[in-house]
Each structure stands twice: as structure tokens, then as C-alpha cells.
Amino acid sequence: MTTTAERTAAHGGTTDLPVVPHWIAGATTGGAGRRTGDVYDPATGEVTKRVAFAEPSDVDAAVAAAKAAAPGWRDTSLARRTQILFAFRELLNASRDELAAIITAEHGKVLSDAAGEIARGQEVVEFACGIPHLLKGGFSENASTKIDVYSIRQPLGVVGIISPFNFPAMVPMWFFPIAIATGNTVVLKPSEKDPSAANFIAGLWKRAGLPDGVFNVVHGDKVAVDGLLDHPDVKSISFVGSTPIARYVYERGTAAGKRVQALGGAKNHMLVLPDADLDLAADAAVNAGFGSAGERCMAISALVAVEPVADELIAKIKERVATLRTGDGRRGCDMGPLVTGQHRDKVRSYVDAGEEAGAELVIDGRGVQPDVQDGVEAADGFWLGPTLFDKVSTDMSIYTDEIFGPVLSVVRVASYEEGLHLINSNAYGNGTAIFTNDGGAARRFQNEVEVGMIGINVPVPVPVAYYSFGGWKNSLFGDSHAHGTEGVHFFTRGKVVTGRWLDPSHGGLNLGFPQNA
Ligand code: NAD
């Protein structure tokens, strides 16, 4: 067995580690900044590379490149833009395994899950391939006598995208395919925890024929984010991350006069009615609670069991969790590690707090024995196994807070109404699911629940690309959800043209307000 320190030394010491560079104007650059961040392999605990942290001058350089590319890209025909999008789609599809391996090496999620996020991101690329149809405006012939009225939509210019660690490929792809297809140029600031996917994607765009400067990547922390938020040449911000930062980004970005969509955190409830298929519900709870180690904004973290189902449901969940294999995402396991040691410790502290608060700890993931590569010490990875609490009350921190880890809490309620009240009282409103065989109850739930995305016997109801993704309440700041027609509207501005081709009989002075005739 080697320790992390020994393996790091075998790499020649951490100072020799490769640095993930920025991508500006079609080429990599180390930038002006000297600051860097550590990038881990979460399954080994090893620092495998560093990532460059942008200084304001690096943000300026990326925005300048995007601004310089904007006029040419805006005037590129829809036919040509579409050809490039199709080429990008082909390259992305062909590189899925390679990109998934990059994601797993830095995020930790299992390879099949990484491939899944790429597939869902690719859906948005495919949606954006239909941009000529999506950008068609309206036309009203003879709105007034011999006057035609029509609408057109135009790009904003340079747009900023700031993304979280948990979907390093999919979340940026909720935005940039549509932003680019509609004629904007992009500066992406990915999460500093898993930065390499963004650079890989930038390389695919170049190979697809996208002109240099249309897609840029700056890495870093708050300095890079603030640089984008304050920059006068950045016209919009699409942010995804935790609620406090989403609120901050929304307030600072809108104060700077930008259009902002800021998607925040979540606490997603799954309501199980007594008539539900409990095997289906147990499968769903395990998949949605522990998939990607619970590091999904659409993960289920609160299981609301309408009595008398709780005992039977918990027994079924226990059976299923006993078959799960937690370990290195490259080894065919079901669940990988958490993203960093710091995050794992925070999630663990919630498990400690839940126990202290008196919740019943049914499955304790703290002692998990992970499946790791030969020669790697299990203790060095950022492990926490699936954890299940029963008899959780709404004042406990495991219920009130977004934990963002493999911790599922069962809250027992007496009725549908009590469960609905619980969900609607929550500060978040990202996703929710109901499990029932009663169509009337499901219809009532979809009508009454105050949440943006709803699953009916579907635990992770992430909308397909041609619908829009977004929550309510503290899960989204701003008016626009991601992708679908809302995405097309977010990345374009409308114009309405009222035109008359000269007809002398309609000339003459008239200082009154124009009226239709
Ligand atoms: P995070 O808020 O820590 O980071 C998100 C981005 O903001 C990163 O690029 C980060 O560098 C930047 N950032 C962090 N702190 C900042 C600060 N003080 N000032 C300016 N910028 C800052 O989120 P995370 O931990 O990377 O991701 C997990 C969170 O994202 C969870 O809360 C999850 O629910 C949420 N999320 C939401 C959705 C959604 O669709 N609503 C989707 C995915 C993830």
C-alpha cells in the first residue's frame, strides 16, 4: 500500500504537476495569474493536476476575444452555423468515452454516469441543430393597409456561463449550444474542481470549425466570476450552483445591467402514497438518492412516506442498498466517491448531526469499505457510503439543509395533504416526484405542488432538451429556465419591424398616434 503523499512524491512532487490552462481565442494560455487550485482524483485522494486561476486581466482577454469574434459570428449564416453544430455533435458523440474518463478522473462519478451526463448535454446540442426553425419570427401581411409587421430575434453579443462541479459537461451544455447557435460568443467559467472537461470541449469546437474566439474558457474562483459579472461587454450571465452564490450572482449581475438566469440549490422530495408500487418506489429512491453519490441538483434527499408504507419501503430500500458497490468509478461500481475531502467531511458532519438530533440511522455509510485499485489505500479517497435516516423531523439540519451527498432522509406523514404541505413549505423548489397508481392524485399533485419540475413515478424528472429546465423559489433567480424555447429567448433580443414599401397615396402629414386602418 502507498499513501497519497508517497504517490504524489512519485509524481515528482506537486510542483511538477500539469496545470490546466485557459482557452482563449482558439488556443490554450496560462494567463497572467500565478494562482492555481488543486485538482484531485477523488478515488485516490491524490492531487493529479493544478488549474490556473484567472486574474481580471485574463477575464478581460477572454471577453476581448469573444467581442472580437462576435460581429463575424453574428453574421454567419444560419446554414453555416448549423453545419458547425452538426459537426460538433458528431465529434462529441464519438468522444463520449474519452470525455467520460476525464470527468470520472476529476469528479469521481462512475463512468456510466459520466457518459449519461454527456448524452443529456448532447440532447441540447441536437436541439440547437434546429436553430433555423427556432429563430423563425412572425410575419403579418397587411397589418394596416399595405403595411407588414414582422419580428426577428438577434444575439446579445458576449455571454458568460458559470457552472458547478457536479455536471462539468452537461450543465455548460444546457447553455452554450443555444448561445452559439443563436449567434452569441461565449466565455465559460467552469468549476475549479473539475476543469478539464471544458477544455476538451473547446478542442472539439475548434475541430468542428467554430471560428476562434466564439467559445472561450477562463478557469478560476470568485475573481474570475466577479470579472464576468462586472464586465461591461458581457451581456448576460447563465449561472448554476449553490443558492447563496446564485443569489449573489443574480444581484450583482443585474445591478451591472445584465440579463441573468441563476439556478441554485435544491432539496427534492419524493412523495410515496399508500397505493404506490413499493418495489418501483424503492428502486427509484435508491437510484435518485445515491446516484452520483447524491451530488445531483435533482437528487432525492427527502423521502416522504404516507403511512402505513414507511416500514415496508425502508425494508425494500435496505435490501437494495446491501447490493450496491461503492468504489472507484472506473471499476464498474454503482457509486463513486465525493468530489473533495472537504466536501466529504461536510457531508459526514451532517450524518453526525442527524444522529445527535435523534433521527434513526438505518444505514450508516461512514464505515464503507470502497472497491479501489490495487496499491491504493482506501482511506485516502473521499468515501462515504449510502446513508439512510428514518423518523426525520423538519427541524433537523439533515432535513432543512441541502447536504449534496448520499444521505436520504425518510419523513413519515399521515396523509397526502401533510406531505404536500411539507414540500410546499420548503425553501427550495427544484424537482419533486410522486409515486402512486392513482391518476387523480397525480394530477392533483402536479397542480398543487410549488416546484418547477415534477416526476410522476419518475424520480429524477430532468426535462428533455426541447422543454426548459429550472426550479422555483430558492432554486432559481431570474425569469428564464435553461434550454428549450426559454433558452432561445434568453440568448436573443426581439425586434418588431413595421414596414411599408412606398405607396404615395398613403403619404401626407399626420401628427396623431399611428392607428391601423
Ligand atoms: P458553488 O456555488 O460552490 O459553485 C458554483 C460556481 O460558482 C463555480 O464555478 C464556483 O467557482 C463559483 N463560486 C463559488 N463560490 C463563489 C463565490 N463566493 N463568488 C463567486 N463565485 C463563486 O456550487 P458547487 O459546489 O460547484 O455545485 C453544487 C451546487 O450546485 C449545489 O447546491 C447544487 O444543488 C447546485 N446545482 C444546481 C443545479 C440546478 O439546476 N438548480 C444544477 C447543478 C448543481
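Modeller: The ligand is surrounded by 27 residues, and the closest of them are Pro164, Gly241, Ser242, Gly265 and Cys297; a residue is counted as near the ligand if its C-beta atom, placed from the backbone, lies within 6 Å of it. This is a predicted model, in which local features need pLDDT of at least 70 and side-chain atom pairs count only at pLDDT 80 or more, while totals for chains, interfaces and linings use all residues. Residues are numbered from 1 along each chain as its sequence is written.

The shell around the ligand divides into 12 nonpolar, 10 polar and five charged residues, where Ala, Val, Leu, Ile, Met, Phe, Trp, Tyr, Cys and Pro count as nonpolar, Asp, Glu, Lys and Arg as charged, and the others, Gly among them, as polar. Because domain 1 (24–264 + 475–495) and domain 2 (268–456) both give residues to this shell, the ligand lies between them. The bounds of these domains come from an automatic or database domain assignment.

The C-alpha centres of the two domains lie 31 Å apart. Across the boundary, 17 residues of domain 1 are in contact with 26 residues of domain 2, contact being defined as C-beta atoms, placed from the backbone, within 7 Å. On the side of domain 1 that touches domain 2, the elements giving two or more residues are helix 4 (96–107) and helix 5 (111–128); helices are DSSP runs (H or I, at least four residues), numbered from the N terminus. That side of domain 1 holds seven nonpolar, seven polar and three charged residues.

Helix 4 also packs with helix 8 (residues 196–208): their axes come within 9 Å and cross at roughly 160 degrees. Axes here are lines fitted to C-alpha atoms over the stretch in contact, and angles run from 0 to 180 degrees between N-to-C directions. Helix 4 is therefore roughly antiparallel to helix 8, a term for angles over 145 degrees. Their crossing is right-handed, that is, the near helix is turned clockwise from the far one by less than a right angle. Helix 4 contributes Leu99, Ile102, Ile103 and Glu106 to this contact, and helix 8 contributes Ser196, Ala197 and Phe200. By class, the residues of the contact are five nonpolar, one polar and one charged.

Note on methods
Contact = placed C-beta atoms within 7 Å. Parallel < 35°, antiparallel > 145°, perpendicular 65-115°, else oblique.
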